[in-house]
Amino acid sequence: MKNKFLLRLIMLFIFGSSTLLAQAADTGTETALIVTGILTAFFVIIIFFVIFVLEGNIEPIVKFLHTAWAYVVPQSAEKAIQMDEDFDGITELDNRIPPWFNYLFGATVLFAVIYLINYHVLKTSPLPQAEFSEELASADLMRRVRIASEGEINEDKLAALKDDASIKEGMEKFKKNCVSCHGNEGGGVVGPNLTDQYWIHGGGVKNIFATIKNGVPAKGMISWKLVFTPKEIQQIASYILTLQGTNPPGGKPQEGNLWVEPKVESSDSVKIAVKS
């Protein structure tokens, strides 16, 4: 019986170690490697303890397991102890703590130990602040990659985009990020109405681009230049211009000044000097 138990223990060690090592290789996570190492060390210690300390006598281990099993599993023959307390005919029994409560308590203690070792001793997993910083750095890197792939935009010569793909991209970003302040159709909620001809910070594509890029901190509008690339801001500004004159129901009253697009002198015009 002793040899049979020892053989099962060794087989369990081999099976458990190989399974965890295979899982660690698939995921490649440091946590999986640490767990594998801890369990491997645990099984090695148990085997050496049985062989060299107990000299193959597994009776103490079997007795310990039986005691633990009897403690956590309810015994049908157990009788509750009646306490010497009586409240209007209602007596109190000194029942044993339910096994599920012991399981839960043990699990929370084990989780706390693993968490402490993982996050504060070995520091193999990042704390929330470090994880947040890593996500910000990753997002900034992705934004720089998108800017590099889209190319630079000359804001002095900025023009509204007219193609359907750009307008659609701008609309999707507007619906996702701007409707809480400007409404689903641009009629204005907290922010101003974007569908009429009156603008607080200018209604040209350059003005709208600058407003989105720099924000209006005094009125609670954030700067979006760390979120969107210049190309994406141009797409949103172009979509906003398509809302002109739509007059959605429930739109806010006009704010700001009537916007008149400044005339641009034609580069082909020729000035003729008139002799007196």
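## Getting oriented

A residue is called buried when its relative accessible area is under 20%, exposed when it is over 50%, and partly exposed in between (1.4 Å probe, protein chains only). This is a predicted model, so local features need pLDDT of at least 70 and side-chain atom pairs count only at pLDDT 80 or more, while totals for chains, interfaces and linings use all residues. Residues are numbered from 1 along each chain as its sequence is written, and side-chain values use heavy atoms, leaving out hydrogens and water.

## The overall layout

The protein chain has 276 residues, and 23% of them count as buried. Its secondary structure comes to 9 helices and 4 strands (DSSP runs numbered from the N terminus: H or I with at least four residues for helices, E with at least two for strands).

Now for who touches whom, a contact being heavy atoms within 4.5 Å. Among contacts between residues at least 6 apart in sequence, 61% join residues at least 24 apart.

## Where H6 meets H9

Helix H6 covers residues 164-177 and helix H9 covers residues 230-241; they pack at about 90 degrees, with axes 7 Å apart (lines fitted to C-alpha atoms over the stretch in contact, with angles from 0 to 180 degrees between N-to-C directions). That makes H6 roughly perpendicular to H9, a label for angles of 65 to 115 degrees.

On the H6 side, the residues that meet H9 include Ile167, Met171 and Phe174. Their partners in H9 include Ile236, Tyr239 and Ile240. Glu169 and Lys173 of H6 and Glu232 of H9 are also part of this meeting, and those three turn up again below.

## The salt bridges

How many salt bridges does the structure hold? There are 5, each a side-chain nitrogen of Lys or Arg within 4 Å of a carboxyl oxygen of Asp or Glu. One of them pairs glutamate 232 with arginine 146 at 3.3 Å, N to O. This pair links distant parts of the chain, 86 residues apart: glutamate 232 sits in H9 and arginine 146 in helix H5 (residues 128-150). Glutamate 232 is buried at 10% relative accessible area, whereas arginine 146 is partly exposed at 28%.

Lysine 173 is buried at 14%, while glutamate 169 is partly exposed at 33%. Glutamate 255 and lysine 252 also form a bridge, at 3.6 Å, N to O. Glutamate 255 is partly exposed at 29%, and lysine 252 is partly exposed at 23%.

Terms used:
Angles under 35 degrees count as roughly parallel, over 145 as roughly antiparallel, 65 to 115 as roughly perpendicular and the rest as oblique.
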